[in-house]
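Have it open beside you as you read.

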Amino acid sequence: MSWGDFLVVFACCALTMLACRVIPLFALKGRQLPEGVERALGFIPPAAFAALVANDLLSPGMFDAGLWPAAAPLLASVAVVAVACWTKSLLWSAVTGVAAYFLLTLV
């Protein structure tokens with residue numbers, strides 16, 4: 001692939017991405033969405049985050065290296081959920097997750 005071909009593909013991707021983000025913004029500007037749609041849109045960020053986290057925590061070959069290497073991230077995630085429910089703080093949840101995973105990998 002030459003640089004010219006690459007730039008054409010890059011420009012097409014950039015224009016498509018820009019159109020997918022900007023056109024809905026202008027089309028919905030000043031309009032009130034129905035309550036059901038607003039409620040449904042509120043589930044998108046947690047669902048995307050859950051999909052990313054589940055993909056890292058649960059994989060088909062996670063127990064190939066043994067029980068403990070597979071259990072450490074799961075136990076750290078339990079600690080994160082507990083701290084998140086208790087404090088409702090993203091900062092303390094992140095600190096807890098890093099510290100719990102670090103301590104569990106030392107064992």
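1. The largest pocket holds about 350 Å³ of space. (A pocket is an open set of points on a 1 Å grid where a 1.4 Å probe fits, with protein on both sides within 12 Å along at least five of seven lines; lining residues have an atom within 4 Å of a point.) Its lining has 14 residues, and Phe49, Val53, Ala76, Ser77 and Val80 are the closest to the centre.

2. Helix 3 (44–57), helix 4 (67–87) and helix 5 (90–106) each give two or more residues to this lining. Helix 4 contributes the most, six residues. (Helices are DSSP runs of H or I, at least four residues, numbered from the N terminus.)

3. Now look at helix 1, which has 25 residues and spans 35 Å from first C-alpha to last, close to the expected 36 Å (1.5 Å times one less than its number of residues). Helix 1 bends by about 25° at Ala19, the angle between axes fitted to the seven residues ending there and the seven starting there.

4. Please keep in mind that this is a predicted model, with local features needing pLDDT of at least 70 and side-chain atom pairs 80 or more, while totals for chains, interfaces and linings use all residues. Residues are numbered from 1 along each chain as its sequence is written, and side-chain values use heavy atoms, without hydrogens and water.

Notes
Grid points are joined across faces, edges and corners, and a volume is the space filled by probe spheres set on the points.
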